[in-house]
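Open the model in your viewer and keep the sequence panel beside it. The stops below can be selected one after another.

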Amino acid sequence: MTVEELTQRVLDLTERVAKLEALIEQHQRTFENIERRFERLEVSIEELRRDVDRKLDRFFWLWVSTVAAGIALRVLGLL
């Protein structure tokens, strides 16, 4: 190969490397964005879980108080 051909080959390879580096950076940013989204989703899921737990507790105690009121009314002869 001539010096010109080798020089052209080096330039082509350098250009390909630069494109690959740009792609790697783009993918890195994409993965970082995905990671941040997952973190936000984890926080949202945890908030939803706590909300569901609170609602279940509220409904449980509502059920317990309704049953207790029914028993009290039955004992008092009002039901």
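Begin by selecting Glu-32, Glu-35, Glu-39 and Glu-42, which gather in a patch of negative charge on the surface of this predicted model. One of them, Glu-35, is found in helix α1.

Next, select helix α1 itself, residues 3–75. Its 73 residues should span 108 Å at 1.5 Å a residue, and the C-alpha atoms at its ends are 106 Å apart, so the two values agree.

Now move just past α1 and pick Gly-77, where phi is positive, at about 80 degrees.

Zoom out to the whole chain. Its secondary structure comes to one helix and zero strands. The chain is more spread out than a compact globule, because its radius of gyration is 34 Å, well over the 12 Å that the globule rule gives for 79 residues. Along the principal axes, the C-alpha atoms fill a box of roughly 110 × 15 × 10 Å.

Select Arg-49 and Glu-46 for one: their closest N and O atoms are 2.6 Å apart. How are Arg-49 and Glu-46 placed in helix α1? Arg-49 and Glu-46 are three residues apart there, and therefore separated by about one helical turn. An α-helix has 3.6 residues a turn, so residues three or four places apart point the same way.

Notes: Residues are numbered from 1 along each chain as its sequence is written. This is a predicted model: local features need pLDDT of at least 70, side-chain atom pairs count only at pLDDT 80 or more; totals for chains, interfaces and linings use all residues. Side-chain values use heavy atoms; hydrogens and water are left out. Helices (H or I, at least four residues) and strands (E, at least two) are DSSP runs, numbered from the N terminus. The expected span of a helix is 1.5 Å times one less than its number of residues. Patches are made of residues with over 30% relative accessible area and no salt bridge: like charges are joined within 9 Å, nonpolar side chains (Val, Leu, Ile, Met, Phe, Trp, Tyr) within 5 Å. Accessible areas come from the Shrake-Rupley method with a 1.4 Å probe; for residues, only the protein chains shown count as cover. A salt bridge is a side-chain nitrogen of Lys or Arg within 4 Å of a carboxyl oxygen of Asp or Glu. Lys and Arg count as positive and Asp and Glu as negative; His and the chain ends are not counted. The place of a charge is taken as NZ of Lys, CZ of Arg, CG of Asp or CD of Glu. The radius of gyration is taken over C-alpha atoms; the globule rule is 2.2 Å times the number of residues to the power 0.38.
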